[in-house]
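Subject: Structure handover, with notes on packing and salt bridges

Hello,

Here is the structure for you to look over.

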Amino acid sequence: MNTKVYKKEIKLPDGRIISIETGKLAKQADGSAVIQMGNTMLLATVVSSRTPSPVDFLPLTVDYREKFAASGKFPGGFFKREARPSNDEILTMRLVDRVLRPLFPKDYHYETQVMIQLMSHDENVMPDSLAGLAASTVIQLSDIPFEYPISEVRVARIDGEFIVNPSREQLNDSDIDIMVGASYESVSMVEGEFDEISEQEMTNAIKFGHDAIKAQIDAQNDLVNEVGKKETREYEKAVENEDLLKKVNNDCYSKCYEIAKKGLSKKERSEQFSEVKEQLLESFSEEDLEENENLIKKYFSKVEKEAIRELVLSEGIRLDGRKTTNIRPIWCEVAYLPSTHGSAIFTRGETQALATVTLGTSRDANIIDSPTNQGEENFYLHYNFPPFSTGEARPLRGTSRREIGHGNLAQRALSKVFPNDCPYTVRVVSEVLESNGSSSMATVCSGTMALMDAGVKITKPVSGIAMGLISDGKRYSVLSDILGDEDHLGDMDFKVTGTKDGITACQMDIKIKGLSYEILEKALEQAKTGRLEILNEMTNTIQNPAESVKPHAPKMVKVVIDGDFIGAVIGPGGKVIQEMQKETGTTIVIEEEDEKGIVEILGTDQNMIDSVIQKIEDITFKPKVGETYNVKVVKILDFGAVVEFRPGKEVLLHVSEIAWERVEKVEEYLKIGDLIDVKYVGFDPRTKKQKVSRRLLLERPPKKDK
């Protein structure tokens, strides 16, 4: 069968090529394409149901999976096949979903599935930077309704120069790692981490990425034009009733406006808005409600949203009574939990996060084993968002994608100040206890303080703030420290974290098109003012890391030994190291590195740690030629004495090396238990045994005259 293949190439600024191809694989999907850069190949498909879903939203699934065969590896674990997605895969799904979702029609409620699979991997190409391009390409090749093409790129900066889609190795030398998602006209998504860069440097990186995206959108359009653009499918649109909308607006707009203006708490305004809605529903007959109840509720939500937005734009007043630049009241506390290694509470308005810190050994490191990334993390952060934090009761179904995404953002923010020489593996856990806007930023703040409370020597404290935007196309207001409702009804969610000296991480989602760089720069400057204000509140509670870990927290000591002694420290079947741990109540971990043994000793009792160090020194003791040692006599023999450097480290002091004169009886010079000084001579070439001398440390008697 003849298959016509269509292909377009995109040339990056440094000359590397990305190709997009369709017509060869997965032709029963609504759209399919292969994206290739180097030896990395992604197969992307999209399928959308022809039957509407009963839900009142777009049931979109973005799925990204990395096949182990792509890099010639076997899956780990007992079942040798790919299973649940890794954190990295989930984070890539989120990056793509956040750009795509706003571009489907609001009334398109059809099950839609975008699948992106890594089929071949090149270690010099990070596949997540190609996933957005892959997703947009297959949608453009389909007949699924979608506003316009988008793409995503990763931007790094090495030695002051920006590059697009760097390798993982290049990222190690970069002070910027940012993913940018955009259409031809405007940026819609940003997420990244930075080495305390300025707001202007971040803007410049976004602009550089946006320019690269434009070339990728041109290539998509060229490919679609060559294949032949499909006519957008017809679909069943939601029923609308302009007269009903007008009635709801007339009955409720002014009431909602006044409630929004009161500056009530979340619970109070929710109750008052509910009362207005109930009054509205009561104004309709049973027959009208039976026919239009869902539509009435939908229109009420729309009117409520418009009233709140207008209040902000016309009067600069927000739902809780704040002005656009105000931060909610903050209170903090450290060392709240008595038994953890570190803890802190950060409360801002009706958002509260309780962070804990746990200190461990390298054995507690987070192991990363995926087709594209292998390694360990000695600092990691987990974020939990239980339903009670928003006053809800709902089933617990494991860790959500949102929890993974928010935890990753907070981890990236704090990793930039985590000390390189920290001897511990450190786990931070954020428990969100209340949520009304930006619990991820509360996690950054509580995590910073918990690390300092635990005695982890972070270089600087980090704070975070979530910014919002409300715009009608002509007027706009940038909101500092947004509420949950402002996130829902607003046009932007822009989270920024940083120290007093610069930005460490960010995450931005835009719901409107045409966000200008003027608004972006204003949001960044307003965010800087806000996060410095928050940082001041945090440092009023705890200014510097604790001088030492808590008395009940483990102390960590690292000892470096010669690689030849690793087996001796472990002992046959682990007997020696297990006995040491049992006797001292410590945890001992040994790792081999560059022909050396790195011994980690973790314990709460310093005396017991010192005891382990002494035992290891005894086991690994190796005398140096020419050095003098104080030894103990442990055995008397006819031809000398056995002396002990350390327990188990014995050597023969030959009778000829006891004194300058001839020694007839060793007992006349030495007794068991005596402590004497000897000089280590080295190996005797005749006996092939170690040799020590007491004689050489004694004054030599003058020679007798003949």
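Below are notes on one helix pair and on the salt bridges.

This is a predicted model, in which local features need pLDDT of at least 70, side-chain atom pairs count only at pLDDT 80 or more, and totals for chains, interfaces and linings use all residues. Residues are numbered from 1 along each chain as its sequence is written, and side-chain values use heavy atoms, with hydrogens and water left out.

**Helix pair**

Helix 5 (residues 242-261) packs with helix 6 (residues 266-282) at an angle of about 165°, and their axes are 10 Å apart. Helices here are DSSP runs (H or I, at least four residues), as are strands (E, at least two), numbered from the N terminus. Axes are lines fitted to C-alpha atoms, for helices over the stretch in contact; angles run from 0 to 180 degrees between N-to-C directions. Helix 5 and helix 6 are therefore roughly antiparallel (over 145 degrees). Helix 5 contributes Val248, Asp251, Cys252, Lys255, Cys256, Ile259 and Ala260 to the contact (heavy atoms within 4.5 Å). From helix 6 come Arg269, Gln272, Phe273, Val276, Gln279 and Leu280.

**Salt bridges**

The structure holds 46 salt bridges (a side-chain nitrogen of Lys or Arg within 4 Å of a carboxyl oxygen of Asp or Glu).

- Glu191 and Arg98 meet at 2.6 Å, N to O. Glu191 is in strand 10 (residues 187-197) and Arg98 in helix 1 (residues 87-100), so the pair ties together parts 93 residues apart in sequence. Both residues are buried (under 20% relative accessible area; exposed is over 50%, partly exposed in between; 1.4 Å probe, protein chains only).
- Asp195 and Lys416 meet at 3.1 Å, N to O. Asp195 is in strand 10, and Lys416 is in the loop between helix 8 (401-415) and strand 17 (425-434), 221 residues apart. Asp195 is partly exposed at 40%, and Lys416 is partly exposed at 27%.
- Glu600 and Lys558 meet at 4.0 Å, N to O. Strand 24 (residues 596-603) holds Glu600 and strand 22 (residues 555-562) holds Lys558, so parts 42 residues apart in sequence are tied together. Glu600 is buried at 6% relative accessibility, whereas Lys558 is partly exposed at 44%.

Salt bridges that share partners also form one network, joining Arg98, Asp128, Arg154, Asp177, Glu191, Glu193, Asp195, Arg412, Lys416 and Asp509.

Best wishes

Notes:
Parallel < 35°, antiparallel > 145°, perpendicular 65-115°, else oblique.
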